[in-house]
Amino acid sequence: VSDFIPAFRNMRVLDNPAGTTLASHPATRPITIRHLLTHTAGLGYTVITKGPLLDEYRKLGINPAQVNVALESNMRAVRPPTLEDFANKVATLPLIAEPGAKWSYSIGLDLLGRVIEVASGMPFDTFLQKRLFDPLKMNSTFFTVPASEVHRLATNYYYLGANRVPADPGAPDRGERPDGARQRHAVRQHVERRPAMDGADGHHHRLQRIHPPAHHGLESLNGL
């Protein structure tokens, strides 16, 4: 990962993840792309991390989850504005475990968004649009739903006792920052795509695979 984000070159690991301090020691191995993909990088997440490290995550805005409009108004004030800022802030914090030592749900996939930006030389949302959405004709998939499509968003609810309470209104849209893990707004994309995929015989038809020639080279990279 440090090949793409130099700030990750000298990571540290908490001496005691369950402790009351941020005392740490140098990591014995680097974080790899495989670690990010498999939640084994030693990174945390606000719903998993505890103690003083959680306090640091919150202070630096290392919380990519957008739960609802009410919480988002507070989080956006401290959340890093770009994936570059996000990645560099994450690199200043100690890990909860040695890279590759254990599985723990994390912000690894969010961090991959920045890796893709550096590797591709383009913003993450532009990369997705050019390499995935346009070739696959995913014309109803957005990071920020345009005003003309907001009416198609459904309201999310939760139950408080026996009462159904709206947690996140379908409109207006929140205006999201692209990152590596957050679910894209695919407005009824699954409904629109299925007629082109499912035949009368129950088999899939006219599927398009995104499999560039460079993929074969990536398969042989050490430490992937």
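Tutor: Ile33 is found in helix H1. The model is a predicted one. Is Ile33 buried or exposed? Its relative accessible area is 16%, and the limit for burial is under 20%, so Ile33 counts as buried. In sequence, Ile33 stands 32 residues from Val1, yet their C-alpha atoms are 6.0 Å apart in space.

Val1 leads on to the nonpolar core. The largest such core has 28 residues, and Val1 is among those with the most contacts inside it, together with Phe8, Ile31, Leu36, Leu43, Ile62 and Ile107. Helix H1, residues 33–37, supplies at least two residues of this core, as do strand E1 (12–14), helix H2 (51–60), helix H4 (83–90) and helix H5 (108–120).

Ile62 shows what one of these core residues touches. Leaving aside residues up to four places away in sequence, Ile62 is in contact with Thr46, Tyr57, Pro80, Phe86, Lys89, Val90, Leu93 and Ile107. Ile107 is itself one of the residues with the most contacts inside the largest core. Another core lies apart from the largest one; it has 6 residues, including Leu83, Phe124, Leu128 and Phe133.

The crossing is left-handed. On the H4 side the contact is made by Leu83, Glu84, Phe86 and Ala87, and on the H5 side by Asp110, Leu111, Gly113, Arg114 and Glu117. Sorted by class, the contact of H4 with H5 has 4 nonpolar, 1 polar and 4 charged residues. Phe86, on the H4 side of this contact, is also touched by Ile62, and Leu83 belongs to the core of 6 residues.

Now the chain as a whole. There are 8 helices and 6 strands, and along the sequence they follow the pattern β-β-α-α-α-α-α-α-β-β-β-β-α-α. Of the 224 residues, 38% count as buried, and Ile33 is one of the buried residues. Among contacts between residues at least 6 apart in sequence, 65% join residues at least 24 apart.

Methods:
Residues numbered from 1 in each chain as written. Predicted model: local features only at pLDDT ≥ 70, side-chain atom pairs only at ≥ 80, totals over all residues. Heavy atoms only, no water. Core = buried A, V, L, I, M, F, W, Y, C linked by side-chain atoms within 4.5 Å. Buried < 20%, exposed > 50% of the residue type's maximum accessible area, 1.4 Å probe, protein only. Helix = DSSP H or I, 4+ residues; strand = E, 2+ residues; numbered from the N terminus. Contact = heavy atoms within 4.5 Å. Left-handed = near helix turned anticlockwise from the far one by under 90°. Nonpolar A, V, L, I, M, F, W, Y, C, P; charged D, E, K, R; others polar.
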